[in-house]
Amino acid sequence: MDHGGHGMNMDLPPFTLGRGMEFGGDPFFLVGCLVGLILYGWAVLRLRRRGDHWPVGRTVAWVIGVLTVALVMCTKLNDYGMAMFSVHMVQHMVISMLSPILLLLGAPVTLTLRALPAAGRGRKGPRELLVALLHSRYMRVITHAAFTIPMFIASLYALYFTPLFDFLMQYRVGHIAMMVHFLVVGLVFFWPIMGVDPGPHRPGYVMRMLELFAGMPFHAFFGIALMMGTETMIKTFENPPASLGIDALSDQSAAGGIAWAFSEIPSVLVLVALLYQWYKSEERQNQRKDRAAARDGDQELAAYNAYLASLQARGQGGGAG
């Protein structure tokens with residue numbers, strides 16, 4: 001049986017992890033993942049050839065991030081995700097909430113700015129255009145919390161609880177566009193929160209945590225709504241192929257459980273990253289203060305001690321009077 005113009009045989013055998021991990025999936029994402037790895041590797045090599053250091057941890061984060069995209073889009077998980085709501089939800093959660101965090105920890109914008117050569121005075125090359133984009137009004141709008149949080153939430157509710165999802169799932173291009181949208185929304189949402197790459201908005205660490213926790217509960221509520229549903233909510237998944245041997249409502253409940261449980265994973269990952277960044281920021285600030293104190297003979301401390309001495313002298317003078 002053909003599914004929604006995808007030209008794919010939907011008589012799939014019952015789902016197992018082994019079958020889901022078989023190579024397959026969409027060539028669009030396979031090419032995209034390969035290009036992402038090649039360009040990042042080229043940029044790192046360019047830096048190393050001129051003697052510049054690039055943290056290994058960032059490279060590892062980028063590679064794992066790209067591999068998570070490949071895992072859900074370049075394997076048979078993509079085929080099963082067209083027929084099983086639960087597998088589709090795994091794809092959605094990974095590509096919108098796990099992959100973006102790992103990719104952002106790779107600091108691709110910083111790497112690009114360091115790898116691209118300057119165009120020279122009076123000219124505009126790729127590096128200058130990227131800098132202009134980062135400082136544009138457009139970027140200020142789409143990376144502001146007033147935009148990112150509603151967009152992050154709307155990507156769930158406006159998609160799944162309207163006919164839009166069923167419409168997109170009819171076509172291969174629609175399915176690709178939906179998955180790209182999930183990835184982009186995740187990147188835009190977590191970018192100002194992660195704070196690794198330069199951007200228009202750099203809120204403080206407490207505000208970043210608040211932005212993170214402002215979006216996560218809505219994922220949990222969405223999952224609970226699916227779990228508690230007494231009838232199938234998505235037409236695409238209401239009649240799964242008999243060869244799968246699954247019940248549509250049970251599969252929907254499983255999808256809801258995945259959405260509910262997965263909301264905790266990015267919260268923990270980002271919180272750990274933020275706390276580490278905060279610690280390193282305080283450490284750098286203390287080091288700057290120590291260097292400044294060494295240069296000026298610790299005048300700030302001497303001035304503070306003099307101030308305390310003057311207060312003590314004033315107190316003693318008042319006591320003598």
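In this predicted model, the second largest pocket has a lining of 18 residues, and those lying nearest its centre are R58, L105, V196, Y276 and Q277. Two or more lining residues are given to this second largest pocket by each of helix 3, helix 5, helix 12 (205–228) and helix 14 (264–296). Among these contributors helix 14 gives the most, with seven residues. Sorted by class, the lining of the second largest pocket comprises eleven nonpolar, three polar and four charged residues, and the volume of this pocket is about 520 Å³.

We can now turn to the largest pocket, which holds about 1000 Å³ of space. Its lining is made up of 38 residues, and W62, L103, P108, V109 and L187 are the ones that lie nearest the centre of the largest pocket. The elements that supply two or more residues to this lining are helix 2 (27–49), helix 3 (56–73), helix 5 (85–105), helix 6 (108–115), helix 7 (126–134), helix 8 (137–142), helix 9 (145–160) and helix 11 (172–194). Of the whole lining of the largest pocket, the largest share, ten residues, comes from helix 2.

What classes of residue make up the lining of the largest pocket? The lining residues divide into 32 nonpolar, five polar and one charged.

Conventions. Residues are numbered from 1 along each chain as its sequence is written. This is a predicted model: local features need pLDDT of at least 70, side-chain atom pairs count only at pLDDT 80 or more; totals for chains, interfaces and linings use all residues. Side-chain values use heavy atoms; hydrogens and water are left out. On a 1 Å grid over the protein atoms alone, a cavity is a set of points where a 1.4 Å probe fits but cannot get out, and a pocket is an open set with protein on both sides within 12 Å along at least five of seven lines; lining residues have an atom within 4 Å of a point. Grid points are joined across faces, edges and corners, and a volume is the space filled by probe spheres set on the points. Helices (H or I, at least four residues) and strands (E, at least two) are DSSP runs, numbered from the N terminus. Ala, Val, Leu, Ile, Met, Phe, Trp, Tyr, Cys and Pro count as nonpolar, Asp, Glu, Lys and Arg as charged, and the others, Gly among them, as polar.
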